[in-house]
Amino acid sequence: TPRLNTKPRKNLRLRHRHRRRRRHGRHRRRGPHPPPPRGPEEALRGAPTPARHPTPTGSSSHIDVDVATEADLRENGFRSTRRTKLVCTVGPATCGADELEALAVGGMNVARVNMCHGDREWHRGVIRAVRRLNEEKGFAVAVMMDTEGSEIHMGDLGGAAAAKAEDGEIWTFSVRSFEAPPPERTIHVNYEGFAEDVRVGDELLVDGGMARFEVVEKLGPDVKCRCTDPGLLLPRANLTFWRDGSIVRERNAMLPTISSKDWLDIDFGISEGVDFIAVSFVKSAEVINHLKSYIAARSRGSDIAVIAKIESIDSLKNLEEIIRASDGAMVARGDMGAQIPLEQVPSVQQKIVKLCRQLNKPVIVASQLLESMIEYPTPTRAEVADVSEAVRQRADALMLSGESAMGRYPEKALSVLRSVSLRIEKWWREEKRHEELELKDVSSSFSDKISEEICISAAKMANKLEVDAVFVYTNTGHMASLLSRCRPDCPIFAFTTSTSVRRRLNLQWGLIPFRLSFSDDMESNLNRTFSLLKARGMIQSGDLVIALSDMLQSIQVMNVP
């Protein structure tokens, strides 16, 4: 029986793939006997030293690319690059400098900090450690800050890492605050109306069903519950309660999407210059528009993108307007599964992924992808199938939560996401599955419509001509995003002058973002780019590329000289 490779990336060995023949009959190889491909860490040992410090934007003799991606391109070629991006939640298991670097080498594109856990000082240290890693080691990892939201959740368990609820035990859920550790089997609930809204006989679900209780008695601010499904209780886990088979949504439905704590966290994220802010429990597009206006006013010239987390009934009711207003979306399946029937989660996930692609918004599939790897070194086959389905749906990114934040095997979990993504993407290309997805018109002007049509045409040409890569020169990242939406077979080299745009493009499918100064002279840009990339061993003479520019709205097909 085939076994899944869960070794960290430094031990990964990818099979060399022979280059196809050109139309002119020349067999394209780097030499008579190409060296076997190596993992990025091994490749880096023998590679030219990458840039360690930012180069002024005005410099025309330098190009910045993520050092792990560069190693992949140099050693294994264009087709071996992974298109699906990977997001890792940073927690106690991965907050050290060595652990963060191991994740970056292993393929982490975005580091996520979850404001539900830890204080701002701890998160500041993580964010700055990621920035330092980028500057000193040549990576391009983006940072996403995830707000807590104002839905109902438990307290921090008095400092305990977890608590186990056994069948038949009586637990107290209380809105009282405890200065000292709470009494045994007592849990603080953050929602003051909790004791008034629940009724005897209601079911209380912890973290989407990881444990289940039945309400047996109400005593003022305290609610006594009997455990009916034993499970592990984690700090600040989400709580939902059900009555007669339906989720109870009374006064808690009127809670603000962004709490007072969230606004303080958002100010913190702006001051630290995060690349993305993910908003929990979004109920309407108005919330997204309000937050984007606030960010624009507080951080002039900032490129912070707002990601809407789709995880509630309200989100699903207003799905299209929320996605249109946001800069991207996250399918938060854990909390979503606590609010809709479990059997509906797969179809809802597919609907969100498809809609995001149609509207040209990056989408992240998150929650419980490899949950068993929090404790075990190998995933279940069902988890592998789940990850495969998300890749097959062409989601932009996959996200690890507890697996990388507090799990025992964060590097192995990341390796599983990477290896499964690579295998499914390769299968997709080999089967020539160019799905005919109807892409909606997302242009707001005639000029944007021209760019959109150019990208659609370029993607079709890239597939039919079997080009090695598409080059796109973009100031804002918009044209690169339009190309990503088309999902061409080859990787997309996105060249931008902005460091923040470069990091933001790290979330989108198939994009390899470079920082490079360029002009309106397309021929000059291409000649300089070819020279710089050839010097770094990332391309070679004879490679076939398609080149686009959002400044001139042009398209060219050529071989690298």
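Visitor: Is Arg 185 buried, partly exposed or exposed, and what is its relative accessible area?

Guide: This is a predicted model. Arg 185 sits in the loop between strand S6 (170-174) and strand S7 (186-188). Buried means under 20% relative accessible area and exposed means over 50%. The value for Arg 185 is 35%, so the residue is partly exposed.

Visitor: What is the phi of Arg 394, and where does the residue lie?

Guide: Most residues other than glycine have a negative phi. Arg 394 counts as buried, at 6% relative accessibility. The residue lies in the loop between helix H12 (381-392) and strand S18 (397-400).

Visitor: Which domains does the largest cavity lie between?

Guide: The largest cavity has a volume of about 260 Å³. Of its 19 lining residues, those closest to the centre include Asp 66, Arg 82 and Asn 506. Two domains both give residues to the lining, so the cavity lies between domain 1 (83-149 + 256-431) and domain 3 (446-549).

Visitor: How do the residues lining the largest cavity divide by type?

Guide: Helix H2 (67-76) and strand S21 (511-515) each give two or more residues to this lining. By type, the lining divides into 9 nonpolar, 5 polar and 5 charged.

Visitor: Over which residues does pLDDT stay under 50?

Guide: The protein averages a pLDDT of 85, and 87% of the residues score at least 70. Where pLDDT is low, the predicted coordinates should not be read in detail. The stretch with pLDDT under 50 is residues 5-59.

Note on methods
Residues numbered from 1 in each chain as written. Predicted model: local features only at pLDDT ≥ 70, side-chain atom pairs only at ≥ 80, totals over all residues. Heavy atoms only, no water. 1 Å grid on protein atoms, 1.4 Å probe; cavity = no way out; pocket = protein on both sides within 12 Å on 5 of 7 lines; lining within 4 Å. Points joined across faces, edges and corners; volume = space filled by probe spheres on them. Helix = DSSP H or I, 4+ residues; strand = E, 2+ residues; numbered from the N terminus. Nonpolar A, V, L, I, M, F, W, Y, C, P; charged D, E, K, R; others polar. Domains from an automatic or database assignment. pLDDT = per-residue confidence, 0-100. Contact = heavy atoms within 4.5 Å. Buried < 20%, exposed > 50% of the residue type's maximum accessible area, 1.4 Å probe, protein only.
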